[in-house]
Amino acid sequence: MKSVATLLLVGMLILWTELPTGSAWSCPPVRVTCAIPNPPNQCDLYRPCPRFQKCCPSSCGMRCISRPSSRPP
């Protein structure tokens with residue numbers, strides 16, 4: 001029983017660390033696929049992005065991107 005509670009707590013902590021700060025925004029879609037088999041990542045769980053940026057998939061690996069500017073209607 002303790003192991004189940006611990007597993008749930010760890011899972012919730014992982015999900016909490018993945019939430020962006022401030023208002024939520026999503027990563028832009030990736031339309032191009034990288035030709036490199038294992039591209040290097042600029043960010044991950046152990047190398048977080050600077051404040052106000054988010055770790056998103058790019059055409060070649062994960063990288064930190066800033067929030068997209070809002071478009072006028």
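**How the labels are reached**

Modeller: K54 has a relative accessibility of 19% and counts as buried. Bear in mind that the model is predicted.

Colleague: Why is K54 called buried?

Modeller: The relative accessibility of K54 is 19%, and buried means under 20%, so K54 is buried. K54 is placed in strand β1.

Colleague: What makes the side chain of K54 a polar contact of the backbone oxygen of W25?

Modeller: A polar atom of that K54 side chain lies 2.4 Å from the backbone oxygen of W25. The cut-off is within 3.5 Å.

Colleague: How do you know that the charged end of K54 sits over the ring of W25?

Modeller: The charged end of K54 is 5.2 Å from the centre of the W25 ring, and the limit for the distance is within 6 Å. As for aromatic pairs, a search of the whole structure finds zero.

Colleague: Why is F52 called exposed?

Modeller: F52 has a relative accessible area of 60%, and exposed means over 50%, so F52 is exposed. F52 lies in the loop between α1 (2-18) and β1 (53-58). Its phi is near 70°, a positive value in a residue other than glycine. Most residues other than glycine have a negative phi.

Colleague: Is S58 buried or exposed, and what makes it so?

Modeller: S58 is at 18% relative accessibility, and the cut-off for buried is under 20%, so S58 counts as buried. S58 belongs to strand β1. Leaving aside residues up to four places away in sequence, S58 touches V30 and R63.

Key
Residues numbered from 1 in each chain as written. Predicted model: local features only at pLDDT ≥ 70, side-chain atom pairs only at ≥ 80, totals over all residues. Heavy atoms only, no water. Helix = DSSP H or I, 4+ residues; strand = E, 2+ residues; numbered from the N terminus. Buried < 20%, exposed > 50% of the residue type's maximum accessible area, 1.4 Å probe, protein only. Polar contact = N/O pair within 3.5 Å; in protein donor to acceptor, adjacent residues only side chain to side chain. Phe/Tyr/Trp six-rings, centres within 6.5 Å; stacked < 30°, edge-to-face > 60°. Lys NZ or Arg CZ within 6 Å of the ring centre and 35° of its normal. Contact = heavy atoms within 4.5 Å.
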